[in-house]
Amino acid sequence: MEAILLASLVAAVTVWVVRRHWWLTRVRSWSMYPTLHPGDLRITRALSGRDTIHRGDIVVIDSTELRRRVVKRIIGLPGETVQVTPGGTSIDGEPFDEPYLAVDGGPTGTFRVPEDGYFVLGDNRHRSNDSRTWANPFPPLTAIRGRLLPRWSGRDRAHEDLQHR
């Protein structure tokens, strides 16, 4: 009987730890196409105090403005200036290569990222509701819930690039 109770306790603690740090995120829009498709499920790892956000990370953000979680790519880091033009994106005046984009488009502008925020875009620029159009365009670190992990299978879609830039 003690063995069953101990095994149950170990299982419960393991499930709690895993669910607190890892979860599945379902993609709900076309904003990250072609990297991610609506309906895709991706393993997401919660951010810890030791984690650093990198340009190119695909993250899950708690959007108070949209009242839901959204999946976007980190483009601008705190203190940077991001310029989005029909010809591409630049960061602090330097062109930023984005091989995962199939088509550029959508709103343009110059955005100064505050020291406590990030600039995020969807990979499907002409269909993405992101930092370019939000009333509060720079989600703080506290709103970034987790980072999507890259696929492990050999069946990755063309243009998929979840590695740090």
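Author: The answer starts with the chain as a whole, goes on to the pocket, and then follows the strands, side-chain contacts and loops around it.

This is a predicted model, in which local features need pLDDT of at least 70 and side-chain atom pairs count only at pLDDT 80 or more, while totals for chains, interfaces and linings use all residues. Residues are numbered from 1 along each chain as its sequence is written, and side-chain values use heavy atoms, with hydrogens and water left out.

The chain has 1 helix and 10 strands; these are DSSP runs numbered from the N terminus, helices being H or I of at least four residues and strands E of at least two. In sequence order the pattern is α-β-β-β-β-β-β-β-β-β-β. Of the 165 residues, 41% are buried, that is, under 20% relative accessible area, with exposed meaning over 50% and partly exposed in between (1.4 Å probe, protein chains only).

The volume of the largest pocket is about 290 Å³. A pocket here is an open set of points on a 1 Å grid over the protein atoms alone, where a 1.4 Å probe fits and protein lies on both sides within 12 Å along at least five of seven lines. Grid points are joined across faces, edges and corners, and the volume is the space filled by probe spheres set on the points. The lining, made of residues with an atom within 4 Å of a point, comprises 19 residues, and Arg-28, Arg-68, Arg-69, Val-70 and Val-71 are nearest the centre. Strand E1 (22-26) and strand E4 (68-76) are the elements that give two or more residues to this lining. E4 supplies the largest share, 5 residues. By class, the lining holds 8 nonpolar, 5 polar and 6 charged residues; Ala, Val, Leu, Ile, Met, Phe, Trp, Tyr, Cys and Pro count as nonpolar, Asp, Glu, Lys and Arg as charged, and the others, Gly among them, as polar.

From E1 the sheet continues to E2. E1 and E2 run antiparallel and are joined by 5 bridges; two strands pair if DSSP finds at least two bridges between them. Within this pair, Leu-24 has Ile-43 of E2 as its bridge partner. E2 is also joined to strand E10 (residues 144-148), again antiparallel, by 3 bridges, and Thr-44 stands opposite Leu-148 in E10. Side chains in a regular strand alternate between the two faces of the sheet. In E2 (residues 41-46), Arg-42, Thr-44 and Ala-46 make up the covered face, and Leu-41, Ile-43 and Arg-45 the uncovered one.

Next come the charged contacts. Arg-69, one of the residues nearest the pocket centre, forms a salt bridge with Asp-62 at 2.7 Å, N to O, where a salt bridge is a side-chain nitrogen of Lys or Arg within 4 Å of a carboxyl oxygen of Asp or Glu. Arg-69 is partly exposed at 44% relative accessible area, as is Asp-62 at 30%. Together with Arg-145, these two belong to a network of salt bridges. Another salt bridge joins Asp-123 and Arg-73 at 2.8 Å. Asp-123 sits in the loop between strand E9 (119-121) and E10, and Arg-73 in strand E4, 50 residues apart in the chain; both are buried. The count of salt bridges comes to 8.

The loop between E1 and E2 contains Ser-31, which is buried at 4% relative accessibility. The side chain of Ser-31 makes polar contacts with the side chains of Ser-29 at 3.2 Å and Lys-72 at 3.0 Å. A polar contact is a pair of N or O atoms within 3.5 Å; within protein, one must be able to donate a hydrogen and the other to accept it, and residues adjacent in sequence count only if both atoms are side-chain atoms. The loop between E1 and E2 also holds Pro-34, joined to Tyr-33 by a cis peptide bond with omega of about 10 degrees.

Arg-67 lies in the loop between E3 and E4. Its phi is near 60 degrees, a positive value in a residue other than glycine, and Arg-67 is exposed, with a relative accessible area of 78%.
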